[in-house]
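Let's take a friendly walk through a protein model together.

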Amino acid sequence: MRDLLSSFYSPNSLPPNASSRFATLDTINTTSFDADQYMNLLVQKSNLEGLLQRHVEMASEIKNLDTDLQMLVYENYNKFVSATDTIKRMKNNIVGMETNMEQLLEKIMSVQSKSDGVNTSLFEKREHIEKLHRTRNLLRKVQFIYDLPARLAKCIKSEAYADAVKYYTGAMPIFKAYGDSSFQDCKRASEEAIAVITMNLQGKVFSDSESIQARAEAVMLLKQLNFPVDNLKVQLFENLEQFLVDLHLESKEIPHTSADQGNLPESASAAHEASIREFAEAVRAYRVIFHDSEQLLSRLSQNLPKMHFEATQQHVKKQLASSDLVAMLRIIWTDVLLMDEVLPEAGLCDFTMEAAHAAVKQYVTSRFSHLLLDISGAVVKVNNQMEGIEEENSLQATLEASKMALVQGSMDVLQDFRLLLDEKLELLSKLRDLVVDWVQEGFQDFFRKLNDHFLLLSGKKYPAGQDLSFREGIQGDKLLPGLVLVLAQLSVFVEQNAIPRITEEIASSFSGGGSRGYENGPAFVPAEICRTFRAAGEKFLQHYINMRTQKISIVLNKRFTTPNWVKHKEPREVHMFVDLLLQELDSIVKEVKSILPEGLNRKHRRTDSSGSTTSSRSNPLRDDRMVRSNTQKARSHLLESHLAKLFKQKMEIFTKVEHTQESVITTIVKLCLKSLQEFVRLQTFNRSGFQQIQLDIHFLKTTLKDTADDEAAVDFLLDEVIVAAAERCLDPIPLEPSILDRLTQAKLAKTGPTS
């Protein structure tokens, strides 16, 4: 029943069910329901209790269906009543409408007949009036044509060329139709006047005293007169180009004014703004006059920021302050925004952004280049300040000046870059991440170049295309060892002081960036720079030691190659080469103490030296051998000393050089004594020559005890020199200790007051 009601009231009826032979207890709600078949099936499948239960359920469903049916009937009855009322109202409203429509039609027909009567009676008068009106208009035109030459003359006199062109163009159709007959004289007079106007307009276009806007208006009037304006177009564009050149020359003076007076004067700023606005209006007028000139004007407009940035790059090559750079960029960006309003097709903002990208990067590179020049200049001044100043004071001043140039210069550079980041300028805000990366990359590259220039100044590196400006303080092949020592200590300063401070500043103000991409790694790697300068400092320190020892080796070489040691005379005093050697060592000590710090370790004496405190050659067997007079016994004991050497613990002579006064001085003394030993081994001595060597070494033992830190190693090397001389001596009989002491005291007494 429910399905039947639904199918009746729904717009779409359900399809019929399958055949009754497939009926089940669920088919009671279908259209193909068979009551007998349903009862038979229900009796077969249910017992008495099930039939009673089904009876109760069906009674309940029937009651519900009756209720639903009543509700549906009530609802449809209400709708039917409402529809009936609506139809009655419509019928009442339509009654009398046909009569009214007939009356309206009669009135319209009456009005139409009366209107036709009025039109018929007034037709002749209307035709006469229209004819008189046409005649009046024609007479006005004829009068205008006859008055046109006089009107044009008045316009020429008052320079009202726009009105003259308007009058003449209005009369052109009449002149074309009747100019050769009725209005021949008027046409000729008007053409003469227009010729004068054309000449005057051309004069305005080519006059430099006229404004760009006035010349543009003149071009517009000439175009209305069908005058060929291609030449005028070229000339006007050349005027725009010249205006742009003048504007560029004017803007080039602004940075100078800013640098001299600290801030951009209001008068200069106002004048520049007025000029750029005049140029923008000229471009706007040119675009209005020549509609196909967008591409030409775009190229011209792009020259404005291009010229600005060319001037900026020229100033950047000099040492330009960041405030001046910001002022120049602000002027450029203001001009570009103004021109972009006039000519958005030129894409000046994107073009300016690319140019600013290159200019700011050049500025960052230039600041690091000038910083490198300042530091290099402070270092090489040591070669030009030796006259009138003690060497050690000059070296110390050079070191302090170089440190100050490095630290203060780096802080100034960071301050300039920080000003660029803090500036609220749209042009710089878009480049912030790039500036951060450039600063970090710049410091990384700066310290790499600084290390290369240190190597260049020290003579450890000679690149093919080296910049001669960094070696202006070094003349020829002359290279002061003190400069190398300054470079060594400066490298240590870079590693221990400069890099940590710069790293801290970069972390606080120049963090972020990321335009490089994470795959390229960080732009600034302090650990790598520290390793580089640590290695460079060790290299410079070793180079300084080599230079000093090579110079002393020259003195030793002259000492041992000049005399004939086989015919040497008996020694009377300590040889003068000892004085030269001590003078060289004394200058080295002063030089090192002026640059390097003191060490923390105490002096290395015999009692606290590592290894054996006695030489493998300096032993009781050797001392006994030295006092014997028999040559054969001496040689026998020499052989014994070699055998004893095999069973003695060797002393560690050469250790790693540290950046301290004691380490460097001791290393130089050790190398000099080692060179002395090798020079002795290359000669052959008689007894007197051997005794002279013995006397000189004995004196050195007395004087060098406070010079070198490792006294045990120095004594060992001095003893080795004596042993080497004994090995190369034909008759190695030493001087008596008393004689050695007497000659040594005499030398000390002689040199004491002078030293």
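Are Phe560 and Phe577 buried or exposed? Keep in mind that this is a predicted model. In this model Phe560 is buried, and Phe577 is buried too. Now look at how their rings sit: the centres are 6.1 Å apart and the planes meet at 70°, so the pair is edge-to-face, a label used for angles over 60 degrees. Phe560 belongs to helix α17 and Phe577 to helix α18 (residues 576-595), so this pair links distant parts of the chain, 17 residues apart.

Searching the whole structure turns up 15 aromatic pairs. One of them joins Phe454 and Phe533, again edge-to-face, with 6.3 Å from centre to centre and 85° between the planes. Because Phe454 lies in helix α15 (residues 432-458) and Phe533 in helix α17 (residues 526-561), the pair ties together parts that are 79 residues apart in sequence. Both Phe454 and Phe533 are buried. They also belong to a cluster linked by ring pairs, whose members include Tyr363, Phe417, Phe447 and Phe540.

Next, how do two packed helices get described? We use the angle between their axes and the distance between the axes. Where they meet, α10 contributes residues including Phe309 and Val316, while α12 contributes, among them, Phe351 and Tyr363. Sorted by class, this contact has 9 nonpolar, 7 polar and 2 charged residues.

Methods:
Residues numbered from 1 in each chain as written. Predicted model: local features only at pLDDT ≥ 70, side-chain atom pairs only at ≥ 80, totals over all residues. Heavy atoms only, no water. Contact = heavy atoms within 4.5 Å. Helix = DSSP H or I, 4+ residues; strand = E, 2+ residues; numbered from the N terminus. Nonpolar A, V, L, I, M, F, W, Y, C, P; charged D, E, K, R; others polar. Phe/Tyr/Trp six-rings, centres within 6.5 Å; stacked < 30°, edge-to-face > 60°. Buried < 20%, exposed > 50% of the residue type's maximum accessible area, 1.4 Å probe, protein only.
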